Amino acid sequence: MARLVGRTGDEIRALKPAARDAWMEIEANVLRSGVVDQALKELCFRFLANGADVRQLERYAGRERVALEWAYAIAFDSDRADDGLWSRLHSLFSEPELVDLGCAIGFELGRQHWRRSVGLPTRGD
């Protein structure tokens, strides 16, 4: 059931200009830019939007695999962020990259939940 019929995410955020402005800042400086490759962030965002099936992880290796493991831990099971995961993360990412990627995953997760709650698809405008 659509909660806010006929509106896009941008139109909804525009109802509260300060929220719109804050979101634009996050989108520009965390979700669409930063020190982590944008393709890797988008992979994590799609993983979250498509239900984050942990079985999908087997298709990936290296940075992609570890980033997806972390996305899963952030979104669904924080116990998976154990010493082993952190060791793998630190072996493949710098600390600035970890901050950038972790924040991007967290903000995207929040956006997707918010979009669902107002009746919008998880990805879009």
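Of the 125 residues of the chain, 37% count as buried, where buried means under 20% relative accessible area, exposed over 50% and partly exposed in between, with a 1.4 Å probe and protein chains only. The model is predicted, so local features need pLDDT of at least 70 and side-chain atom pairs count only at pLDDT 80 or more, while totals for chains, interfaces and linings use all residues. Residues are numbered from 1 along each chain as its sequence is written, and side-chain values use heavy atoms, with hydrogens and water left out.

The chain contains 6 helices and 0 strands; helices (H or I, at least four residues) and strands (E, at least two) are DSSP runs, numbered from the N terminus. A compact globule of 125 residues would have a radius of gyration near 14 Å, and the 15 Å of the chain agrees with this. That radius is taken over C-alpha atoms, and the globule rule is 2.2 Å times the number of residues to the power 0.38. Among contacts (heavy atoms within 4.5 Å) between residues at least 6 apart in sequence, 62% join residues at least 24 apart.

Helix α2 illustrates how burial is arranged. Its buried residues are W23, I26, E27, V30 and L31. They cover an arc of only 110 degrees around the axis, which puts them on the same side of α2; the arc is that of the directions from the helix axis to the C-beta atoms. The cover over these buried residues includes α1 (9–14), α3 (38–49) and α6 (95–117).

Charged pairs are the next topic. The structure holds 10 salt bridges, each a side-chain nitrogen of Lys or Arg within 4 Å of a carboxyl oxygen of Asp or Glu. In one of them, the closest N and O atoms of D100 and K41 are 3.0 Å apart. Because D100 lies in helix α6 and K41 in helix α3, the pair ties together parts that are 59 residues apart in sequence. D100 is buried at a relative accessible area of 9%, and K41 is buried at 0%.

Another salt bridge joins E108 and R111, with closest N and O atoms 2.5 Å apart. Both residues lie in helix α6, 3 residues apart, about one turn of the helix. Salt bridges that share partners join E27, R32, E108 and R111 into one network. E108 is buried, with 0% relative accessible area, and R111 counts as buried at 11%. By contrast, the salt bridge between D77 and R80 (3.6 Å, N to O) involves a partly exposed D77 at 28% and a partly exposed R80 at 39%.
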